[in-house]
Amino acid sequence: PWRPNVPRLFSRGLGNRVLKIMIQAGAIVSTDNELVQACLKTLSSLFRIYTDRTPRVKGARAPAEEEEGNGKEQQENALLPIDEQRIRMLLDLVGTSLNDMLTKHQNAAFGLLRAIIDAKVLVPELFGLVTRLADQVVYSHRSGVRDAASGTVISFLLAYPLSQKNLVELMKQLLANCSYEYEEGRVAALGLLRNLVKLLPLPVLADFSNMIVLSMATAVINDSSAAAAAAAGTVMASLLSRSEAEFTQQVMELVLQWLGQAPSELQASTRAVGVMRVGAAVAEILAAARPDVLKSAAAVGPVLRCIQPVLALLLPGFKAMTGETLNAAEESEKNSTFPADAQNASNNPSTDAQDIAGDSPRVDLVYRLISLTTTLLRKLPSATNAALVQTPGEAEAEGAGRGVATPPPFMELVQEAVLFPQARVRTAACVLLRAYLEHRDCTRLAEK
């Protein structure tokens, strides 16, 4: 960027003159004018010169810092390219330009805003402008504007001194944007959150870890968009990969509680199905991002012993259905809307067929449990293999404690899943079977 050698005492006069020219050129009406764009770039350079010449502590700031050194800040503000009152007016002009959908050239305005943020100019209007930019990330239909707004919000959170109240308010806004109505906006909001999770200082990130994990776990399960669900999983994986061992251990304990739903409850309550789906999704992300947590906690065996009786309960009912029943259900689904409590009628074959045709929560649960087992087998092969070949006595004791008298061996259930009526589950079962056989010598198995 253009950074001329402007003396400090001269930069204030130059900044005021440039601002006056910009207003005379019609900045109040539109910032698309070439002269206005040139003035915005000049002001950006002046603010960057001020930032370069002002000694500051390098590194990320800690939020909720107490306001110290007010006298020093006032001395530094006296050397800004324009005074505080004009900065507020300038922020109002920039905010109007950035929120105007008809404005074609917004790069210079974003550049000036980033320069003001880096200069740490303490004006309340700046926080309000950034909160509006956070909404632009999801509202704007232009990818360039979304990216620039996302980068500006991240820079503000990393560099600007914020109170704890303002920081919490902004983080809640970013999480709320992740459930925006349209897929494109949700994916953009999740991308902002992913980059923020990678860059936030660990002490700051720890304050919001619980909030982020719970929000992302819900999005992974409930989001109708595959792209948004995958983006939410990426956010959670980034968070878990950076988190301290204490927090990841808490997540592991929570996952075991979610997976510990009694099989009998899965037939009577859709809520139990939903809770276990969340547990399976979070467990798979945790196993992929931090397999060391499961290894240190010896959690592979308990996780698989939660999965086994559930598969033993769900798979036989789906397997018994014929292709004609499934085809009839698919045809009826096109012309009718099923009641919300249809999933509870698990003893009705036609209802089960409708569940498969509509990719019901129970079908999704089967898929996620099989996919979780595959991830465990790939990340922790020794512990997973040992748990998969547990003795019949151990399986019987575990199954009896969770509502299933004698669950079949785990890999027999996987073989049943290969014949599942839905292609997605069949594919997941085949992938698991292949991963299982990769760790075995097939010639010796044939000899036995």
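The side chains of R424 and D364 form a salt bridge with an N to O distance of 3.0 Å, a salt bridge being a side-chain nitrogen of Lys or Arg within 4 Å of a carboxyl oxygen of Asp or Glu. This pair links distant parts of the chain, since R424 belongs to helix 23 (residues 423-438) and D364 to helix 19, 60 residues apart. Helices here are DSSP runs of H or I with at least four residues, numbered from the N terminus. Salt bridges with shared partners connect R277, D364, R368 and R424 into one network. The structure is a predicted model, in which local features need pLDDT of at least 70 and side-chain atom pairs count only at pLDDT 80 or more, whereas totals for chains, interfaces and linings use all residues. Residues are numbered from 1 along each chain as its sequence is written, and side-chain values use heavy atoms, with hydrogens and water left out.

An α-helix has 3.6 residues a turn, so residues three or four places apart point the same way. Burial was assigned from relative accessible area, with buried meaning under 20%, exposed over 50% and partly exposed in between (1.4 Å probe, protein chains only). D364 is buried because its relative accessible area is 6%. R368 is likewise buried, at 14%, while R424 counts as partly exposed at 29% relative accessibility.

The count of salt bridges in the model comes to ten. One of them pairs R146 with E184, with the closest N and O atoms 3.2 Å apart. R146 in helix 7 and E184 in helix 9 are 38 residues apart, and the pair links distant parts of the chain. R146 is buried, with a relative accessible area of 11%, whereas E184 is partly exposed at 46%. Side chains of opposite charge can pair when their charged atoms come close.

Helix 7, which contains R146, comprises residues 143-159 and spans 24 Å from its first C-alpha to its last, close to the 24 Å expected for its 17 residues at 1.5 Å a residue. The expected span is 1.5 Å times one less than the number of residues. Helix 7 is mostly covered, as twelve of its 17 residues are buried. Among the buried residues are V145, A148, V153, I154, F156 and L157. The buried residues of helix 7 pack against helix 5 (107-118), helix 6 (124-139), helix 8 (164-177) and helix 9 (183-199).

The largest nonpolar core contains 134 residues, of which M22, F47, I212, M216 and L259 touch the most other members. Such a core is a set of buried Ala, Val, Leu, Ile, Met, Phe, Trp, Tyr and Cys residues joined through side-chain atoms within 4.5 Å. Helix 14 (residues 270-289) supplies the largest share of this core, with twelve residues. Contacts were defined as heavy atoms within 4.5 Å. Residues up to four places away in sequence being set aside, M216 touches L175, C178, L190, L193, A232, V235 and M236.

A217 lies in helix 10 (residues 202-222) and is buried, with a relative accessible area of 3%. Apart from its neighbours within four places in sequence, A217 contacts M236, V278 and V282. A217 and M236 are 19 residues apart along the chain, and their C-alpha atoms are separated by 7.8 Å.

L93, in helix 4 (residues 84-99), is buried at 14% relative accessibility. Not counting residues up to four places away in sequence, L93 touches M22, I23, A27 and I28.

The number of disulfides, defined as pairs of cysteine sulfur atoms within 2.5 Å, comes to zero. C178, one of the residues touched by M216, is buried at 7% relative accessibility, whereas C430 is partly exposed at 39%.

Notes
Helix = DSSP H or I, 4+ residues; strand = E, 2+ residues; numbered from the N terminus.
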